[in-house]
Amino acid sequence: MPSLYFLLYLLFIQWQQAVLPEPLPASPFSADSPQSCAALLTQPGEPVSLPLPVSELRLLSWNIYKAAKPELLTDLHALSEQSHIMLLQEAITDEALLQLKPHTRFSPGYKGLNQQTGLALLSDWSPQLYCRFYQREPWLRTPKASSISRYPLANGDSLLLVNMHGINFTLGISDYRQQLERLSGLIKLHSGPVIFAGDFNSWSRARWQLVQGLLSELDMTRVSFTPDHRTRVFDLPLDQIWIRGVTLTSAQTLERTSSDHNPLLVSVHITTEEPGGDKQH
């Protein structure tokens with residue numbers, strides 16, 4: 001019997017290799033590896049991109065549990081009205097979901113027999129650039145997606161958005177550290193405001209301390225929620241949002257039954273100074 005389980009495991013690994021995400025189409029404003037993303041982040045970006053038209057940005061982060069519950073779409077419709085940008089984890093390639101906002105980017109992760117899941121960026125505006133890549137779970141070898149998008153601001157600066165679904169099944173934290181260090185290395189290339197959100201799978205004290213250490217070094221601040229309805233494992237919340245260079249104006253965790261996680265909704269104030277010296281408020 002153990003040999004049968006091992007054979008099934010090998011077959012599963014081979015199948016996962018066969019369904020890995022395909023590369024993005026060639027574009028000067030998109031990347032599908034940390035290396036090519038780093039090269040993009042050091043470039044000025046698409047010159048025709050318009051700056052964000054708001055100074056008060058509302059952002060949602062939510063692991064939607066592969067859209068397995070029928071009431072999810074109703075909740076997402078309501079939340080899309082309350083947010084400018086939605087960062088989703090365990091999203092699916094469903095037209096009804098991906099059409100909630102006019103601009104959509106999808107980052108493939110795990111693929112089941114009949115369903116592709118991953119990260120979704122749903123936005124009222126098109127990003128100036130978009131990076132997507134993944135890291136394998138060390139045991140299952142399934143991909144966990146990460147994405148980075150950038151939006152220009154009126155003062156010539158830009159806002160960086162990071163969305164992550166953290167590696168889950170590990171004994172130690174070396175693979176988890178590698179995933180976070182890849183993202184923190186890319187954040188280091190960006191001097192402007194940053195919002196880093198997602199399902200961090202920060203269910204151990206070692207993982208929690210690693211996140212705290214790496215992102216604090218980047219002058220980022222963890223968003224706190226009161227009341228806090230985030231999903232917890234070993235009394236540690238799995239979902240997190242970190243910010244830099246923006247002012248937090250509100251932070252909510254909303255109780256919903258349409259996923260095994262609750263949505264996180266934050267509002268941040270982006271203070272920009274235009275080249276003439278006038279500030280937007």
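Trainee: How many bridges join S6 to strand S7, and which way do they run?
Mentor: This is a predicted model. In it, S6 and strand S7 (residues 143-152) are joined by 8 bridges and run antiparallel.

Trainee: Which residue in S7 does Leu-129 stand opposite?
Mentor: Leu-129 stands opposite Arg-150 in S7.

Trainee: And how do S1 and S6 pair, in the parallel or antiparallel sense?
Mentor: Parallel, over 2 bridges, with strand S1 covering residues 30-31. In that pairing, Ala-31 is opposite Cys-131 in S6.

Trainee: Switching to rings. How many aromatic pairs does a search of the whole structure find?
Mentor: The search of the whole structure finds 1 aromatic pair. Phe-196 and Phe-200 make up that pair, with ring centres 5.0 Å apart.

Trainee: Why is the pair tilted?
Mentor: The planes of the Phe-196 and Phe-200 rings are at 40°, so the pair counts as tilted. Planes under 30 degrees apart would be stacked, and over 60 edge-to-face.

Trainee: Are Phe-196 and Phe-200 buried or exposed?
Mentor: Phe-196 is buried, because its relative accessibility is 0%. Phe-200 also has 0% relative accessibility, so Phe-200 counts as buried too.

Trainee: Last one. What sits over the ring of Tyr-176?
Mentor: That is the charged end of Arg-207, 4.2 Å from the centre of the Tyr-176 ring.

Technical notes: Residues are numbered from 1 along each chain as its sequence is written. This is a predicted model: local features need pLDDT of at least 70, side-chain atom pairs count only at pLDDT 80 or more; totals for chains, interfaces and linings use all residues. Side-chain values use heavy atoms; hydrogens and water are left out. Rings of Phe, Tyr and Trp (its six-membered ring) pair if their centres lie within 6.5 Å; planes under 30 degrees apart count as stacked, over 60 as edge-to-face and the rest as tilted. Buried means under 20% relative accessible area, exposed over 50%, partly exposed in between (1.4 Å probe, protein chains only). A charge sits over a ring if NZ of Lys or CZ of Arg is within 6 Å of the ring centre and within 35 degrees of the ring normal. Two strands pair if DSSP finds at least two bridges between them. Helices (H or I, at least four residues) and strands (E, at least two) are DSSP runs, numbered from the N terminus.
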